[in-house]
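Welcome, and thanks for taking a look at this one with me. Below are a few numbered notes to read alongside the structure.

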Amino acid sequence: MRLITLDEFIAINQEKHPEATGELSGLLRDIGLASKIVNRDLSKAGLVDAILGDAEKTNVQGEEVKKLDEFANNILIKCLKNSGECCGIASEEEDSFVAFENRKNAKYVVLFDPLDGSSNIDVIAPVGTIFSVFERISPKGELCTLEDFLQPGYKQAAAGYVIYGSSTMLVYTTGEGVNGFTLEPSIGEYCLSHPNITTPEMAKTYSMNQGNFNSFSDKVKSFVAYCQDGTTKKAFSLRYIGSMVADFHRDLLKGGIYLYPSTSDAPKGKLRLMYECNPMAFLQEQANGKATDGKQRILDIIPTELHQRTPVYIGSSKLVDMLSE
Ligand code: AHG
Ligand code: MN
Ligand code: MN
């Protein structure tokens, strides 16, 4: 079988759009490169002290930072700064956005969760990198501004993730379907392995931290009861890794739902709109699924701050509908 590399795929798609400038293609290639560097170092976790464990500080959101969170964050910033297509970034691990002084003419801003599920690194469970790309609003030639980042999800130009699992895969969309590329380690290239991914509209799998059950709303509690009820139908399977990327990836390919409702500890939900929910919602909608906060489409939420959190229900459309108003 003839392998199509990520770079070839991007080039073929760019040819379909004579108006395209190639800037977005360049950006996607640079994100791919950054993820290969993260992947290489992740695979040494356990052997190299500098990789495993806590960085012994907390981020602006009060969460413990792992050494690999910092490492992945720095790699992404370095690759995007070099890229020439990115005028600034916002990251889960940065207090605020970073405007690139030397890239005032670049067209795009990128928001990312450099390492999702990082508490799983120490036990070698899958983790990931999630990214979201917007075209800037501020004029080229100037430093990018907060306004460039605080755009609703429906305006994303591209979004995707890399899952570092039993193999490494990059999945992305530019609004024309979802495609997945598996890293072929012997040649160091992402190769098209999952073209045109679509999510079944129904499946009997749910993913959530059910330990928070007592603080769920009645609606979420009844949904859990429905999933567990094996009298009128076969009960659902509960599958929860604790890395959104890994739980989402399973649902994207096989169907199912990922939920992180509000809880007493996290009244606004735990997951971040800009770094986790928006990019995953764009992907899921492009694959025929849905994503809501229980009241409205995730992609319609107007953001007010970079590190904003939201409840999220995402996956097979029929399951998400059961939790939406
Ligand atoms: P991160 O590692 O980027 O902080 O994200 C962790 C998120 C998400 O990936 C995961 O699904 C969720 O937190 C798990 O939360 P609980 O441990 O509360 O279940
Ligand atoms: Mn995360
Ligand atoms: Mn993270």
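1. Is D116 buried or exposed? At 5% relative accessibility, D116 counts as buried, where buried means under 20% relative accessible area, exposed over 50% and partly exposed in between (1.4 Å probe, protein chains only).

2. A word on the ground rules: this is a predicted model, in which local features need pLDDT of at least 70, side-chain atom pairs count only at pLDDT 80 or more, and totals for chains, interfaces and linings use all residues. Residues are numbered from 1 along each chain as its sequence is written, chains are lettered from A and ligands numbered from 1 in the order in which they are written, and side-chain values use heavy atoms, with hydrogens and water left out.

3. Now to the metal: D113 (OD), D116 (OD) and E276 (OE) coordinate the manganese ion (ligand 2) at 1.9 to 2.1 Å. Donors are N, O and S atoms within 2.8 Å of the metal (3.2 Å for Na, K and Ca); water is not among the atoms, so sites may look incomplete.

4. D116 sits in strand β5 (residues 108–116) and E276 in helix α7 (residues 273–286), so the pair ties together parts that are 160 residues apart in sequence. Helices (H or I, at least four residues) and strands (E, at least two) are DSSP runs, numbered from the N terminus. E276 is buried too, with a relative accessible area of 1%.

5. Do look at D113 as well: this residue coordinates both the manganese ion (ligand 2) and the manganese ion (ligand 3), which are 3.8 Å apart.

6. Finally, K66 belongs to strand β2 (residues 64–66) and is buried, at 12% relative accessible area.
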